[in-house]
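Please go through the helix packing and the aromatic contacts of this model.

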Amino acid sequence: MATSEEIMRHHEPDPDEDPWVRGRPAPAPVDVVPYDPAWPARYEELAAAVREALGKEALDVEHMGSTAVPGLAAKPVIDIDLTVADPVREDAYVPALEAIGYVLTVREPSWHQHRLLQLDRPRVNLHVFGPDCPENIRHRMFRDWLRSHDGDRDLYARAKLAAAGGMTQVMAYNKRKEATVREIYERMFRAAGFP
């Protein structure tokens, strides 16, 4: 089980690690759009397909990210966190996901053994973590906090819209909104009683 200290720590991948399995993606505009009430149903269909493809290998499948927060502007990409017994054992889950159209694009051993598989239509980021991974716990806490704290949801929306302006790389967009994300995390952690 992850400790509160592990959950609170802002883990960073090794800057010398090249995570791109198929090369760095081509620049493309980062679009943040108004909340679409169809996103939850789209997630349910996608999650059902992942569960069917993986069977018992899928320990948990959850809707994460901004499309999982009603009323929050977001990139029109469904983020899903998939928990598997061991992300390193790609043979246990990657072939089955590739068979339904996903492509392994990121492998980050230095960042919780994170793997990212993507689907183009509809656009999906499928994040793979192991059980009790601190980052997966952070994602869940952040999603649930934004669902129940309208002020921070709106603050985050403003930060996302400002960060997206003129951006063509998602990592740069994420960096531009990082200060706001960490400000919200601090409030969330204090409310959870973390030291």
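Questions and answers on one helix and a group of rings follow.

This is a predicted model, in which local features need pLDDT of at least 70, side-chain atom pairs count only at pLDDT 80 or more, and totals for chains, interfaces and linings use all residues. Residues are numbered from 1 along each chain as its sequence is written, and side-chain values use heavy atoms, with hydrogens and water left out.

Q: How far apart are the end C-alpha atoms of α5?
A: Helices here are DSSP runs (H or I, at least four residues), numbered from the N terminus. The expected span is 1.5 Å times one less than the number of residues. For the 15 residues of α5 that gives 21 Å, and the end C-alpha atoms agree, at 21 Å.

Q: Within what arc do the buried residues of α5 fall?
A: Buried means under 20% relative accessible area, and exposed over 50% (1.4 Å probe, protein chains only). Among the buried residues of α5 are Asp152, Tyr156 and Lys160. Seen down the axis, with directions taken to the C-beta atoms, the buried residues line one face of the helix because they fall within an arc of 165 degrees.

Q: Which exposed residues does the face of α5 turned away from its buried side carry?
A: The buried residues are covered by elements including α4, α6 and α7. The face turned away carries Gly151, Arg158 and Ala162.

Q: What is the angle between the planes of phenylalanine 189 and phenylalanine 194?
A: Rings of Phe, Tyr and Trp (its six-membered ring) pair if their centres lie within 6.5 Å, and planes under 30 degrees apart count as stacked. These two rings are 5.6 Å apart centre to centre and form a stacked pair, with the planes at 20 degrees.

Technical notes
Phe/Tyr/Trp six-rings, centres within 6.5 Å; stacked < 30°, edge-to-face > 60°. Helix = DSSP H or I, 4+ residues; strand = E, 2+ residues; numbered from the N terminus. Contact = heavy atoms within 4.5 Å.
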